[in-house]
Amino acid sequence: MVSIGSASWRDAQLRRTEWSRIIAVDGAPVQSAVQVLRAVAARRPGEPVTYTLRRGDEVFRVAIPVRTFTWRDFRDIFVPMLAVGGFLAFCSGALAMLRPELPELRALYMGCAAFGLVLITGPDQYGPYRFTPLYLMALAAVPPAIFHLAAAYPWRPGPWARRAVVASYALFALVGALLVVLRGHPGAFLALLYFVYLSLANAVLLYAGSLVGALVTARRSRVQLAIALAAVVVSSGLGALVLVLYPLMTEPIAPAWIVLPVTLMPVLSGVAFLAVPDAPRARGGVVA
């Protein structure tokens, strides 16, 4: 996971706190993020708060002054997430309503709606945590939705693929429920969370690989496939690059850099599925 925020929040000592857990605030033990939020909310701006943190076997303290979260911070940090989340759900939903008979558009809607809900409920994960169960269930729904898209386009395999898609949704519904139940147990929760992340990466690679395979074999219009592939690469490429380079960064990341490219996923996919005519199907290696 990466830390989003403003460059003005940069503090050299915060680098030490990465991948650690807060176990006490001003010497008072805390068991949840809600308790931390309440403890900090009782302080005045500028007043230092001493956090006791644990990272592996190491326990250490860090004193950080309380800062006011301004409307400018809200605009810079959370507005892009809320706007992009709403756009994903609206745009993909409009496409699915325009051509409800196309399975690839229904699958695109499932993926965009799930990830859009993740973005919409994401700001709440910094407090006051009212929508955490919804956030975790939506996060767990993203990998099977991308797998659904890979199963629906470009090959459109038989009934076995539909059964596999249903099974994947059922599996990740269980994973989402476990994330909700085990969110107070860091070891089990992180293991499940990274399973979701790894599954998402593999689902994206599966979809991109199927597009490349269809492009090579001229299964469909090469222009259509190229646009669909560009939708995947552009929308997920920058986010993947940020995850790779994050350990080298020295300050929080503005969320707009990660979420704005995602808006191209429904736009370019919609162009590929609707605006570009499909090529004749190949039969026995010869285009009919």
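Visitor: Where is T121 found in this predicted model?

Guide: T121 is found in helix 4.

Visitor: Is T121 buried or exposed?

Guide: The cut-off for buried is under 20% relative accessible area. T121 has 5% relative accessibility, so T121 counts as buried.

Visitor: What does the side chain of T121 reach?

Guide: An α-helix has 3.6 residues a turn, so residues three or four places apart point the same way. In this case, the side chain of T121 reaches the backbone oxygen of L117 at 2.7 Å. Leaving aside neighbours within four places in sequence, T121 is in contact with F131, L134 and Y135.

Visitor: Which other residues of helix 4 are buried?

Guide: Among them are E104, L105, A107, L108, G111 and C112. A114, G116, V118 and L119 are buried too. The cover over the buried residues of helix 4 includes helix 3 (79-98), helix 5, helix 9 (256-259) and helix 10 (264-275).

Visitor: Now the pockets. How much space lies in the second largest pocket?

Guide: Rolling a probe the size of a water molecule over the atoms shows where empty space is left. Here, the second largest pocket holds about 230 Å³ of space. It is lined by 13 residues, and those closest to its centre are P103, H148, A151, A152 and R162.

Visitor: Which helices supply at least two residues each to that lining of the second largest pocket?

Guide: They are helix 4 (103-121), helix 5 (132-152) and helix 6 (159-181). Helix 6 gives the most, with five residues.

Visitor: What is the lining of the second largest pocket by class?

Guide: The lining has eight nonpolar, two polar and three charged residues.

Visitor: Next, the backbone. Which residues does a cis peptide bond join?

Guide: Most residues other than glycine have a negative phi, and most peptide bonds are trans. In this model, a cis peptide bond joins Y153 and P154, with omega at about 5 degrees. P154 sits in the loop between helix 5 and helix 6.

Visitor: What is the phi of D26?

Guide: D26 has a positive phi of about 50 degrees, although D26 is not a glycine. Its place is in the loop between strand 1 (21-25) and strand 2 (28-29). D26 counts as partly exposed because its relative accessibility is 36%.

Visitor: And what is the phi of Y129?

Guide: The phi of Y129 is positive, at about 70 degrees, and Y129 is not a glycine. Y129 is found in the loop between helix 4 and helix 5. With 23% relative accessibility, Y129 counts as partly exposed.

Visitor: Last, E47. Where is E47 found, and which residues does E47 touch?

Guide: E47 is in the loop between helix 1 (33-41) and strand 3 (48-55). Not counting residues up to four places away in sequence, E47 touches I64, P65 and V66. E47 and R67 are 20 residues apart along the chain, and their C-alpha atoms are separated by 8.5 Å.

Visitor: What does 26% relative accessibility make E47?

Guide: At 26%, E47 counts as partly exposed.

Methods
Residues numbered from 1 in each chain as written. Predicted model: local features only at pLDDT ≥ 70, side-chain atom pairs only at ≥ 80, totals over all residues. Heavy atoms only, no water. 1 Å grid on protein atoms, 1.4 Å probe; cavity = no way out; pocket = protein on both sides within 12 Å on 5 of 7 lines; lining within 4 Å. Points joined across faces, edges and corners; volume = space filled by probe spheres on them. Helix = DSSP H or I, 4+ residues; strand = E, 2+ residues; numbered from the N terminus. Nonpolar A, V, L, I, M, F, W, Y, C, P; charged D, E, K, R; others polar. Buried < 20%, exposed > 50% of the residue type's maximum accessible area, 1.4 Å probe, protein only. Contact = heavy atoms within 4.5 Å. Polar contact = N/O pair within 3.5 Å; in protein donor to acceptor, adjacent residues only side chain to side chain.
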